[in-house]
Amino acid sequence: MSAVDLTQFHKTFFEESREGLDAMEAALLALDSGATDHELVHTIFRAAHSIKGGAATFGFADVAAFTHVAESLLEEVRSERRAVDAGLIEVLLCSVDCMRAMLERSSQGQPVADAESEALRVELVQLVSGEVAAPVVAAASMVAPVSGWNIAFTALPHLLQTGNDPLRLFRELQQLGRLEVVRAFITDSAPAQLAELDPSQCYLGWELRLHGAVARAEIDAVFDWLDGDCELAIAPLAEVAVAGPVAQAAGESLPVATAAPRPIRETAAASGEGSSIRVGIDKVDALINMMGELVITQSMLSDIGEKFELSQLGRLRDGLVQLERTTRELQESVMRIRMLPIGSVFNRFPRLVHDLERKLDKRVKLELHGEHTELDKTVLEKIGDPLVHLVRNAIDHGLESPAQRKAAGKSETGTLKLNAYHEGGNIVVQISDDGAGLNHAAIVAKAQQRGLIAAGQELSDAEVAELIFQPGFSTAAQATDLSGRGVGMDVVRRNVRDLGGSVGVRSVSGKGSTFTITLPLTLAIIDGLVTAVGSERYIVPLTSIVESLRLRADAVRRIAGGGEVFHFRDEYLPIMRLHRAFACNDAVTDIEHGIVVVIEEDGRRVGLLVDDLLGQQQAVVKSLEAHYQRVQGISGATILSDGSVALIVDVGGVVRLGQRSKAA
Amino acid sequence: MAKILAVDDSASMRGMVAFTLRGAGHEVTEAENGQLALDAARGGSFELVLADVNMPVMDGIAMVRELRAMDAYKGVPILMLTTESHTEKKMEGKAAGATGWLVKPFDPEQLLATVKRVLG
């Protein structure tokens with residue numbers, strides 16, 4: 001066992017291996033789409049090679065053994081002994097999946113090889129011409145040693161230029177046995193004139209005798225690096241019989257044999273865990289710059305403060321303006337640290353599309369745009385699944401089969417576009433296909449069948465599109481194993497809502513559909529409407545506000561149980577008096593003097609009665625649970641510009657409260 | 001103790017090499033590929049260079065060739081970190097001027113033994 005604890009490098013190894021596999025996959029898919037760039041093959045090979053080396057070094061023998069075979073196959077491709085075809089790419093893609101799974105199991109300390117990986121390994125072995133399946137067993141025991149050796153060693157002139165020093169060789173030979181220099185000589189290549197002597201060249205030769213029970217392999221190992229840099233003749237000392245051919249130095253065995261198996265510590269995965277992000281150096285530099293400015297402004301302000309005269313009011317004001325600007329920039333820079341490009345999510349789609357094409361017998365061209373658009377890390381981690389679902393849906397339901405497309409006068413290959421961009425304070429992600437578009441008749445029929453709408457009900461295009469987001473809705477004529485199983489568009493919408501975003505669809509019959517997801521830049525800051533209720537301030541998230549209005553007293557109907565409703569765009573909405581819900585004194589109780597803010601969550605609306613609207617503000621969300629306790633209807637707190645605390649309304653919770661009071 | 005340049009595109013391998021050598025008291029500079037290694041080599045006088053073969057941007061073989069073309073690195077030992085499956089790579093490395101090689105996978109002891117072998 002080694003004195004150096006190698007487990008500390010495991011996390012890095014797993015991380016870089018995952019990146020390597022992603023790169024392999026991307027390059028394989030690029031090769032699949034017809035690219036013949038030699039660099040792609042190199043990238044694939046290099047990734048496999050690194051993973052193999054690391055796995056062997058860090059004691060993941062199964063991973064190393066598997067990757068070794070995959071690498072051998074890749075080596076044949078790299079040296080152009082094997083042509084790239086669809087079958088090969090398919091096998092290599094499966095290998096990537098297999099390595100990924102094996103690494104995943106390794107990182108969790110679980111047994112690594114399973115029947116599946118073993119079957120694939122055997123398949124690879126069979127593909128590789130002449131590859132031996134079983135790992136070579138460690139070098140056989142050394143042949144019985146002789147009493148000593150004659151070594152004739154003549155350096156070639158360039159020996160010193162390879163960084164090899166004859167002295168080192170002598171030193172190493174001395175460690176094997178007693179070394180006797182029989183003769184040292186100057187070679188014929190030496191110049192006749194001393195002036196012509198080049199000190200970087202070596203013109204020396206030696207006749208050596210090494211006494212002792214030394215194996216030939218040990219001497220070979222000393223001269224191992226000098227192949228081609230010297231003339232070497234090694235012969236056993238006279239009168240000693242050589243006992244058969246000598247085993248070669250153990251340099252040619254497979255990594256499996258030489259890597260000492262190390263127990264994988266079960267705790268390894270758990271101990272090093274903890275979420276981390278890689279931050280570009282430019283972002284850190286921006287922060288440091290901003291800090292520098294802040295320090296300058298601070299010293300300038302304290303300078304003014306120390307000997308303040310009224311004449312300096314202008315300077316003070318300038319300083320404060322500067323402070324405000326720097327603080328805002330600092331805030332943005334800090335937020336940007338949590339931002340990661342959406343490309344890391346987009347990257348999984350080429351493979352998904354590749355697999356779906358084969359499974360569904362469709363032809364799809366995937367276009368990715370705006371991969372560099374950055375998103376908050378938390379949002380990024382949670383947006384993957386909804387996007388996968390939308391992409392599957394688009395290929396499964398949206399795009400037609402090649403035959404149908406041809407019949408419709410379109411190219412047989414459908415186009416699926418993923419695009420991400422900034423719009424205002426939001427990130428917009430669009431998934432568009434040039435397929436058949438939403439099938440209105442099928443949707444309406446299904447909705448009627450499911451009892452979502454009444455028979456004969458007239459619906460606008462937008463209303464029909466909304467239906468697909470209803471819980472339990474699926475238009476697939478037959479449920480494929482891809483989409484329409486359990487998870488529906490309603491789940492997509494809920495997931496996006498949980499991130500503070502929204503999702504909608506536009507569709508043109510015969511031309512295709514576009515799903516648009518709008519997400520907030522970050523979850524840590526929300527755009528809010530500051531409202532007054534008595535002496536308290538409540539913030540309502542801007543994204544959930546439909547409209548704010550003043551009601552006349554006669555527009556309000558009382559219903560049984562004491563609830564109040566009002567008529568709003570063809571429906572009756574419950575009124576929720578915030579002062580009552582949160583027990584605020586001195587608030588406006590007369591509806592005519594207050595303002596009703598209509599908020600929406602999951603298609604359900606409620607009118608909130610507040611005293612007044614005070615304006616919009618970006619609110620940095622502070623957890624209430626962390627500092628106090630959970631309060632129903634409140635999602636957090638923030639600090640207003642005057643230093644007072646305002647509570648942020650949890651729209652979902654309030655709507656549920658309101659709906660209950662309506663039902664009561 | 002010696003000033004050593006460790007070149008490998010794999011952060012885990014590089015980390016392992018650097019950590020082991022530092023533990024033995026050496027001063028280690030790390031580089032991610034051949035090009036960055038050359039930049040580092042120009043700026044410092046290293047007594048030993050350990051380099052991976054397969055790297056993006058500039059591989060180990062090309063790096064050795066460039067290093068040997070620099071006066072300061074004509075006779076400095078350069079060891080290639082290679083895998084057993086690439087005998088021809090060893091020879092290519094040698095032809096470019098590498099001193100020798102260390103076969104992957106190696107453990108920290110093997111690394112230290114080899115470094116000791118070269119540095120004496």
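Trainee: Which residue stands opposite Val429(A) in β9(A)?
Mentor: That's Ala420(A). Keep in mind that we're looking at a predicted model here.

Trainee: OK, and how many bridges join β8 to β9 in chain A?
Mentor: Eight bridges, between β8 (residues 414–423) and β9 (residues 426–433) of chain A. The two strands run antiparallel.

Trainee: What else does β9(A) get joined to?
Mentor: To β11 of chain A, residues 512–520, by eight bridges. That pair also runs antiparallel.

Trainee: Which residue in β11(A) is the bridge partner of Asn426(A)?
Mentor: Pro520(A).

Trainee: What actually holds strands together in a sheet?
Mentor: Backbone hydrogen bonds, with the strands pairing either parallel or antiparallel.

Trainee: Where in chain A do I find a parallel pair?
Mentor: Take β13 (residues 536–541) and β22 (residues 645–649) of chain A, which run parallel and are joined by two bridges. In that region, Tyr538(A) stands opposite Leu647(A) in β22(A).

Trainee: What's the strand order of the open sheet with β13 and β22 of chain A in it?
Mentor: Five strands of chain A, in the order β20-β12-β13-β22-β21, with mixed pairing. The edges are β20 (612–620) and β21 (634–639) of chain A, and each of those pairs on one side only. Neighbouring strands in this sheet are turned by 35° against each other on average, ignoring direction.

Trainee: Switching to chain B. How many helices and strands?
Mentor: Five helices and five strands. Along the sequence of chain B they go β-α-β-α-β-α-β-α-β-α.

Trainee: And what share of chain B is buried?
Mentor: Of its 120 residues, 52% count as buried. As for the contacts in chain B with a separation of 6 or more, 60% come from residues 24 or more positions apart.

Conventions: Residues numbered from 1 in each chain as written. Chains lettered and ligands numbered in written order. Predicted model: local features only at pLDDT ≥ 70, side-chain atom pairs only at ≥ 80, totals over all residues. Pairing = 2+ DSSP bridges. Helix = DSSP H or I, 4+ residues; strand = E, 2+ residues; numbered from the N terminus. Buried ≥ 20, exposed ≤ 12 C-beta atoms within 10 Å, placed from the backbone. Contact = placed C-beta atoms within 7 Å. Axes fitted to C-alpha atoms, helices over the stretch in contact; angles between N-to-C directions.
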